[in-house]
Amino acid sequence: MSLPVPSALSIAAKVLRNNLKFIAFQGLDQLEVVIGTPSSAANLDDNGKSKVNIFLYCVEPSGFYPDRGSDERWFVRLRCLITSFGKTEAESDEGTNIAEGEIDLRLLGEVLRHLNENPVIFPDEDEGLDASLQVVYSPLTTEELNQIWSTQGDVPYRTSLHYELALAPIDPRVSRLPARPVVEGGLRPELHGNMAAKGAPPVAAPPWLAPYGEVDLADVGWTPLIAFVDSGNAVPALTLPAPANSSSVTLWVAGTSGAQVTPVWQQAGRSGWEDLPPQDAAAISIPAQSAAPEGVIDPAQAGDAATLSVPVPVEGPGAFLLRCRRTLPGGAVGLSNPLIVNVAGVGAS
């Protein structure tokens, strides 16, 4: 039988163990930080080394996010007992030994100091826990301590620290898919009533036009405005058949004529709009307008606008976002408004 996969509980304990071992007690070769019950730590073959034991003995609901579903991330609180098992060792060249009880207090004091100075632990990427852990000192009553130590067999009570770890994430095996980004809008034809069946001519859906917008060309940090031009209309979205990488879109770019902008593409994914791998998109120059006003997107002037043909670098199917990037004075980057390209009819449901 193979071992079970790591869980949030085991990973949280390991994150705390690594934090104490490699940060709080960095350089102490004669110390081991272990995970388990105090009785197992007391009976562990330690090769003469002192030990600090981490015992996660209680898991509780976080008390937050009560409306979470079973297919969404859940958070829990972990209660943790930290106990030291010191070994007598020489303090100086004269051979003066430090008592085990004093070593216990030194180790626990260092834990108190370290976790008080670092109450939030940020796991490394390779530790597998994509959430920070807050470590809160939470002393137990004498009765609670007696209840815990009464379960540890013949191991005598040792001074211990009690902490709460919050919050550990419990991820479902199959997560709920988040709502996809809105990739279509306007008045869709299928929402119209069947007027022909009532003896009236059918009503065509009006095109979804891009909004009117102006670029403040007097501002050196202006960012462009863009719109697609399709069948004489300025529109904010297009639908293309797959594969789309053999197609191009007609783009109206409002800004200072001759200025350089670069098309930037994104794709709708599970977590929202995600950057596509870097495209070798060449910078394009904003054309001069002879009839339509410069620096303005006016749907009423779409037929007279000077436009650009921009190739589509994605195959699809899917929903894609197009912006134009302009490098501003000083090296900053400005992005235009977004436009949507649906490939093979993928869109909002």
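**Exercise 1.** How many bridges join strand β10 to strand β13?

Before starting: this is a predicted model, where local features need pLDDT of at least 70, side-chain atom pairs count only at pLDDT 80 or more, and totals for chains, interfaces and linings use all residues. Residues are numbered from 1 along each chain as its sequence is written, and side-chain values use heavy atoms, leaving out hydrogens and water.

*Step 1.* Find β10 at residues 225–230 and β13 at residues 248–254. Strands are DSSP runs of E, at least two residues, numbered from the N terminus.
*Step 2.* Count the bridges: there are four, and the two strands run antiparallel. Strands pair if DSSP finds at least two bridges between them.
*Step 3.* For a landmark, look at I226, which stands opposite V253 in β13.

**Exercise 2.** Work out why one side of β11 and of β18 is left without a neighbour in the sheet.

*Step 1.* Write down the strand order of this open, four-stranded antiparallel sheet: β11-β10-β13-β18.
*Step 2.* Check the ends: β11 (233–235) and β18 (308–311) stand at the edges with a single partner strand each, so one side of each has no neighbour in the sheet.

**Exercise 3.** Is C80 buried or exposed?

*Step 1.* Recall the cut-offs: buried means under 20% relative accessible area, exposed over 50%, and partly exposed in between (1.4 Å probe, protein chains only).
*Step 2.* C80 has 0% relative accessibility, so C80 is buried.
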